[in-house]
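Keep the structure open while you read.

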Amino acid sequence: MSGGGRHGFDAPYFPMGCHFRWYSTPEICMILDRFDSVVFLGDGTLRHIYSAFNMLIRENIALGALKQWEMKESERETCRCANQLIRPECLAYSVMDSQAMRMNDAGSGHSSPYYCDRTPHAFIPIDRSPAAENLHTAFSSILNRELDSYKPIPVIHSLSLATSLSWTTATSSMDEWVTLADISQKNVPFLWVGPNAAGHLKPPSQILSQGNNALWHYTIEMAKEADSRALDALGMYNLTLQAGSWDGSFYGQNVVLVQAMMIINWLSRLEST
């Protein structure tokens with residue numbers, strides 16, 4: 001799925017040499033049922049993908065990434081669709097785990113149906129390595145929630161712009177979280193997700209350190225590092241290279257929904273025992 005491209009700016013993306021499916025919600029639920037939990041572990045780029053993941057499993061493209069039950073009517077109107085990902089006042093309401101939806105959404109007058117509620121999932125924000133101890137604790141508690149279960153707990157891991165594309169920080173982060181997963185003695189498959197390409201609105205001050213030359217080399221080298229640790233890797237460079245970005249670093253709703261579905265395709269190919 002990492003290969004491929006677009007035939008024109010903002011044209012549809014076509015993976016190269018890979019069968020990519022757009023799963024229905026019931027199919028997504030069947031895929032997630034094969035796991036004890038799913039963990040997203042990363043910086044802002046992965047947070048947006050996690051937001052799109054929630055839009056898909058709630059079947060709510062307009063507000064599915066947000067805690068609608070905490071929002072005023074005016075805020076719900078302001079934060080619809082792409083604004084869920086763009087406006088800081090909307091990001092403050094982002095869903096960070098499935099438990100919040102399970103506890104609050106069903107009884108809200110402003111709710112979305114929450115499908116796939118048998119499989120917990122969470123986003124753990126990281127911006128450095130080593131990460132804060134409370135994040136280690138949160139991660140370990142997810143892995144050890146079902147002590148006697150045999151089901152895998154997939155981890156989607158990414159770290160890029162938050163560290164200014166530091167290669168040493170990225171490899172340190174891989175080792176840090178794999179070590180914690182090994183301690184749990186659970187079946188924890190990892191997917192390393194590479195960074196987006198730079199859009200044409202990337203500030204000139206960031207072109208040298210976070211431009212496409214730096215991003216491409218980071219994508220290739222970190223995929224090699226992931227492979228050397230027996231981790232899967234998924235690049236987002238080709239997908240985003242000719243896509244529209246509002247700030248040169250992050251992309252809109254159409255792009256992140258495809259990214260989330262790429263993650264679901266990876267999950268569908270994992271063994272369930």
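Helices (H or I, at least four residues) and strands (E, at least two) are DSSP runs, numbered from the N terminus. This is a predicted model, so local features need pLDDT of at least 70 and side-chain atom pairs count only at pLDDT 80 or more, while totals for chains, interfaces and linings use all residues. Residues are numbered from 1 along each chain as its sequence is written, and side-chain values use heavy atoms, with hydrogens and water left out.

Pro130 sits in the loop between S4 and helix H7 (133–143).

For Cys81 the angle is about 60°, and for Ala230 phi is near 65°. You'll find Cys81 in the loop between helix H3 (73–78) and helix H4 (83–86), and Ala230 in the loop between helix H10 (212–228) and S7. How open are they to solvent-sized probes? Buried means under 20% relative accessible area, exposed over 50%, and partly exposed in between (1.4 Å probe, protein chains only). Cys81 is partly exposed because its relative accessible area is 31%, whereas Ala230, at 72%, counts as exposed.

**The sheet**

Two strands pair if DSSP finds at least two bridges between them. Here, 5 strands make an open sheet in the order S4-S3-S5-S6-S7, with parallel pairing. S4 and strand S7 (232–236) are at the edges with a single partner strand each, so one side of each has no neighbour in the sheet. On average, neighbouring strands of this sheet are turned by 20° against each other, direction ignored. (Axes are lines fitted to C-alpha atoms, for helices over the stretch in contact, and angles run from 0 to 180 degrees between N-to-C directions.)

Strand S3 (residues 38–42) and strand S5 (residues 155–157) run parallel and are joined by 3 bridges. Val39 has Val155 as its bridge partner in S5.

**Aromatic rings**

A pair of aromatic rings is described by the distance of the centres and the angle of the planes. Rings of Phe, Tyr and Trp (its six-membered ring) pair if their centres lie within 6.5 Å; planes under 30 degrees apart count as stacked, over 60 as edge-to-face and the rest as tilted. The structure holds 7 aromatic pairs, including these two:

| Pair | Centre to centre | Angle between planes | Type |
|---|---|---|---|
| Tyr50 and Phe123 | 6.0 Å | 25° | stacked |
| Trp246 and Phe250 | 6.4 Å | 25° | stacked |

Tyr50 in helix H2 (residues 44–57) and Phe123 in strand S4 (residues 121–125) are 73 residues apart, so their pair links distant parts of the chain. Both Tyr50 and Phe123 are buried. They also belong to one aromatic cluster with Phe40 and Phe53. Trp246 is partly exposed, because its relative accessibility is 29%.

**The largest pocket**

On a 1 Å grid over the protein atoms alone, a pocket is an open set of points with protein on both sides within 12 Å along at least five of seven lines, and lining residues have an atom within 4 Å of a point. The largest pocket holds about 240 Å³ of space, where a volume is the space filled by probe spheres set on the points, and grid points are joined across faces, edges and corners.

Which residues are closest to its centre? Of the 14 in the lining, they are Arg6, Ala11, Asn254, Val255 and Val258. Helix H12 (residues 253–268) gives the most to the lining, with 5 residues.

Methods:
On a 1 Å grid over the protein atoms alone, a cavity is a set of points where a 1.4 Å probe fits but cannot get out, and a pocket is an open set with protein on both sides within 12 Å along at least five of seven lines; lining residues have an atom within 4 Å of a point.
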